[in-house]
Amino acid sequence: MSPARVPVPEPPARTARQLREATSSALRRRRADDLNPLRRGLRLERVPDPCSFVLFGATGDLAHRKVMPAIYQLWRTNLLPAEFSLVAVARRPYTDEAFVAEVRASVEAHSRVQPIDEDAWAELAKRITYQQLDFGGDAGFDRLSKRLDELDAERGTAGNRLFYLATQPSQVTEIVHQLGRVGLDHELRGAGWRRVVVEKPFGRDYESARRLNHELAKVFRESQVYRIDHYLGKETVRNLLVFRFGNGIFEPVWNRSYVDHVQITVAESLGVESRGAFYEETGASRDILQNHLLQLMTLVAMEPPSSFHADALRDQKLQVLRAITTPDIEHVRHDVVRGQYGSGWVEGVAAAGYREEPEVDPESETETYVAGRFTIDDWRWSGVPFYLRAGKRLPKRATEIAIQFKEVPLPLFRDSNGDPAPNVLAMRIQPDEGIMLRFAAKVPGLGLDVRTVNMDFDYGTSFAVDSPDAYETLILDALLGDASLFTRADEVEAAWSVVTPIIEGWATMLAPRFPNYAAGTFGPEAADELMQRDGRRWRRI
Ligand code: BG6
């Protein structure tokens with residue numbers, strides 16, 4: 001796992017050339033430092049090897065909103081090598097100039113640092129070429145292979161290639177097959193690594209995920225495959241590991257003896273926007289539960305890894321996924337709730353119901369909300385419920401992990417005024433990133449009144465630096481060959497074996513009467529009832 005990255009200060013007055021020169025001398029220094037064991041602990045930023053970044057689906061939404069702004073940001077802060085080329089691949093015809101102009105507009109619209117640094121952009125733009133390619137045909141891949149060889153000679157990209165598949169999931173198999181056919185998977189002796197980054201959704205159930213893993217494995221070794229779950233690249237999610245394993249005081253209470261239950265929430269105020277057709281096929285269980293929510297759960301529940309090497313970390317996450325009780329039909333009926341939003345008001349603005357959204361079936365039974373109670377069958381967590389929920393068109397955007405601790409064994413302050421509630425440790429993943437600890441305190445005065453107060457750590461005020469976007473972190477890690485924040489084949493399959501029985505169970509049951517929550521509310525009543533049955537309630541977000 002990469003260390004926390006110290007952002008490079010803004011370079012306003014320097015030209016791109018000066019920046020490159022500065023980078024090379026910094027690189028030389030870093031290489032010398034790498035050889036010096038005393039300095040190895042003081043990790044500076046690492047810069048990837050010279051390489052070509054081949055972006056499939058380059059004209060799509062993901063490429064424009066996330067991948068290209070992240071590449072620009074990495075380039076701007078000197079985290080990409082000078083010997084870098086980006087080959088944009090898609091079906092539509094474009095000239096290099098037209099593509100670069102379109103990407104420039106997207107970077108302007110979505111970059112987290114404004115305004116655009118003209119010198120840096122000009123240098124990056126020189127390294128971008130566009131290649132039209134029909135994913136189903138051989139000819140385009142033959143041309144691509146040749147082009148990449150030419151770039152090695154022209155740009156010094158040294159035979160290293162990262163294939164980023166920002167395409168429709170259905171196109172992944174044929175692209176991978178073609179890459180194998182033209183030999184672009186082969187790592188060359190001495191030089192030339194080959195990696196493939198695959199976007200979510202990774203399959204739509206256990207069987208299809210296994211098939212996809214199988215197809216990938218026909219061409220690439222597992223160590224070459226980087227499956228993205230962008231939540232793992234979020235700064236606050238990475239901090240969860242530091243919080244748990246960089247501090248000694250939490251681990252002793254991080255178990256069934258002290259924890260009453262855990263709540264993990266991914267709430268969004270947005271609806272499905274322009275992704276109606278995609279969402280109809282997906283729903284909240286495939287879109288968020290199978291990946292983001294279960295990944296957060298693994299990070300909360302896993303045993304300490306022996307190191308932050310990719311496999312050490314992923315082995316521990318896998319143990320958690322495998323220990324989650326597989327939901328049976330009774331569990332699905334009682335402990336998992338699905339919802340779909342109707343019309344309502346979100347943040348003061350009228351919002352249409354899901355069934356009125358573009359490209360959505362007016363009688364759709366797709367869930368836009370899911371909540372469930374899960375348990376982990378191991379010594380640490382046996383008997384501790386994990387309540388997970390995710391929904392669209394909730395009152396606000398908030399992702400949070402809350403650990404609620406057990407009540408004190410003897411409530412000594414029962415008779416005092418006030419209501420000392422159990423301790424809660426809440427980790428705010430986004431927005432207002434931070435960590436809050438709730439505890440009881442005496443109200444000043446002559447009596448013995450007790451009230452609950454919050455102790456708050458706020459990222460924004462504690463660190464006066466911007467966090468990188470998750471895509472910056474993950475793309476850099478993939479280029480550096482660090483797979484710790486990417487999901488492994490067995491992890492993805494284990495997560496599907498938790499979610500597939502839910503989806504299959506629902507298929508055999510009568511769907512609830514949808515819509516069952518209004519846009520701008522906290523989800524269906526059944527989700528509250530789920531908690532009430534256990535004598536608990538959802539935290540207000
Ligand atoms: C994506 C889902 O993976 O995550 C989207 O497909 C969702 O439906 C998004 O909106 C949420 O990501 P973030 O980073 O905005 O919390």
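At 2% relative accessibility, H292 counts as buried, where buried means under 20% relative accessible area, exposed over 50% and partly exposed in between (1.4 Å probe, protein chains only). This is a predicted model, in which local features need pLDDT of at least 70, side-chain atom pairs count only at pLDDT 80 or more, and totals for chains, interfaces and linings use all residues. Residues are numbered from 1 along each chain as its sequence is written, and side-chain values use heavy atoms, leaving out hydrogens and water.

H292 sits in helix α10 (residues 276-301). Leaving aside residues up to four places away in sequence, H292 touches K200, D229, H230, Y231 and D287; contact means heavy atoms within 4.5 Å.

By contrast, let us turn to L410. L410 lies in the loop between β14 (398-405) and β15 (424-430), and L410 counts as exposed because its relative accessibility is 57%. Here are the two residues together:

| Residue | Relative accessibility | State |
|---|---|---|
| H292 | 2% | buried |
| L410 | 57% | exposed |

Next comes helix α7 (residues 172-181), where V172, I175, V176, Q178 and L179 are buried. Seen down the axis of α7, these buried residues fall within an arc of 160 degrees, so they line one face of the helix; the arc is that of the directions from the helix axis to the C-beta atoms. Helices (H or I, at least four residues) and strands (E, at least two) are DSSP runs, numbered from the N terminus. Among the elements covering the buried residues of α7 are β1 (51-56), α6 (138-155) and α8 (206-219).
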